[in-house]
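Trainee: I've got a new structure open and could use a hand reading it. Can we walk through it together?
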Amino acid sequence: MAAAKKEKVHIVIKEQYADAFEVLEDCENAKLIPGIVGPPGVGKTLLLRAYAEKTGRDLYWVTGDEGVRPSHLTGAFNPSIVLNSGFTLDAFEPGPLLRSMIEGGVFGLNEGNRLSEYVQNSLLDPFEEGSISVQRLGRVKAAEGFFPVLTMNPEEMSGAHRLSEALRDRIRVWIRLGYPRKETELEIIKMNSPEYNLSDAALEKIYSLVSATRESTDIEIPASIRAGISIARLAAEMTKREKEKTISHAILSKAATYVLVGALRYRPGIEVEPAVNSLVRRTLGS
């Protein structure tokens, strides 16, 4: 569970992000639950954080996977407190879904299509009725301001399930995001690296690396916007440590390799480190 109200959000609200932001506002006013769909790293979570921040609320979220159970969303009783005090309200530790309902916050369900159908269906009452039944505590009704939003990767991606028909029926509006235009992505990188004086030449090379990963048929999950930010920041710090004035070819290659080895997912059978080294050399030159 995490709250994002006090966290500074660095995203450029323009073009597709501005359109998506406006649709989120319209959905909330119309009492419709939206789903944001796009490949990893296009800024789905950042957009939702920015929305919660602008509307003065906390954002609570869960990232879906096979291990998530309904109790991870609603919460559970603390066994040590139960032993001493019984099943009291003080012994219950609410999960992110229940916290957002109680406080009237924004609830983000990341990669909701990776949840089992059983867990997906546990969201039907909160999403449809704005209430939830908690064992031993009774039914809890959401406060004003509770706004659930689903974010997910495209269904055709490896490892993703389909949404259950029942949950899909609750998601009334679908917002699609893709990778931003080059100029917008570079602006996001600069915005998230304000303490570094990144040159246009360095930014161009960083974008060429990120873009190359998205064009490769060997890569299942390419570099995200965060990967570009990480390369920029790491290269700038390496340059500072080496007491250089500008980011050199060697430093940029080294920083990119460190970041991309963990940021990319290649097709099965491809060794990651040699593949990343080859991509960096091809893109930046030897």
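Predicted model: local features only at pLDDT ≥ 70, side-chain atom pairs only at ≥ 80, totals over all residues.

Trainee: Okay, how many helices and strands does the protein have?

Mentor: There are 13 helices and eleven strands. They are DSSP runs numbered from the N terminus, with helices (H or I) of at least four residues and strands (E) of at least two. The C-alpha atoms fill a box of roughly 65 × 40 × 40 Å along the principal axes.

Trainee: What share of the residues count as buried?

Mentor: Of the 286 residues, 50% do. Buried means under 20% relative accessible area, exposed means over 50%, and partly exposed is in between, using a 1.4 Å probe and protein chains only.

Trainee: Let's zoom in. Why is strand S5 described as largely enclosed?

Mentor: Because five of the five residues of S5 (residues 106-110) are buried. On one side you have Val106, Gly108 and Asn110, and on the other Phe107 and Leu109.

Trainee: And which strands pair with S5?

Mentor: Strand S2 (residues 59-63) pairs with S5 in the parallel sense over five bridges, and so does strand S8 (residues 147-152), also parallel and over five bridges. For strands to pair, DSSP has to find at least two bridges between them. Threonine 63 stands opposite asparagine 110 in S5, while valine 106 stands opposite phenylalanine 147 in S8.

Trainee: Switching topic: how many aromatic pairs does the structure hold?

Mentor: Three. One of them joins phenylalanine 21 and tyrosine 51, with ring centres 5.3 Å apart and planes at 65°, so the pair is edge-to-face. Rings of Phe, Tyr and Trp (its six-membered ring) pair if their centres lie within 6.5 Å; planes under 30 degrees apart count as stacked, over 60 as edge-to-face and the rest as tilted.

Trainee: Where do phenylalanine 21 and tyrosine 51 lie?

Mentor: Phenylalanine 21 is in helix H1 (residues 16-30) and tyrosine 51 in helix H2 (residues 44-54), 30 residues apart. Both are buried. Together with Phe147, they form one aromatic cluster.

Trainee: What about phenylalanine 77 and phenylalanine 92?

Mentor: They form an edge-to-face pair too, 5.1 Å centre to centre with 75° between the planes. Phenylalanine 77 lies in strand S3 (residues 75-77) and phenylalanine 92 in strand S4 (residues 92-94), so the pair ties together parts 15 residues apart in sequence. Both phenylalanine 77 and phenylalanine 92 are buried.

Trainee: Now serine 131: buried or exposed?

Mentor: Serine 131 counts as buried because its relative accessibility is 9%. It is found in strand S6 (residues 131-134). Its side chain makes a polar contact of 2.9 Å with that of arginine 139. That term means a pair of N or O atoms within 3.5 Å; within protein, one must be able to donate a hydrogen and the other to accept it, and residues adjacent in sequence count only if both atoms are side-chain atoms.

Trainee: Last one: where is alanine 235?

Mentor: Alanine 235 is in helix H11 (residues 225-241), and its relative accessible area of 0% makes it buried. Leaving aside neighbours within four places in sequence, alanine 235 is in contact (heavy atoms within 4.5 Å) with Ile247, Ile251, Leu252 and Ala255.

Note on methods:
Residues numbered from 1 in each chain as written. Heavy atoms only, no water.
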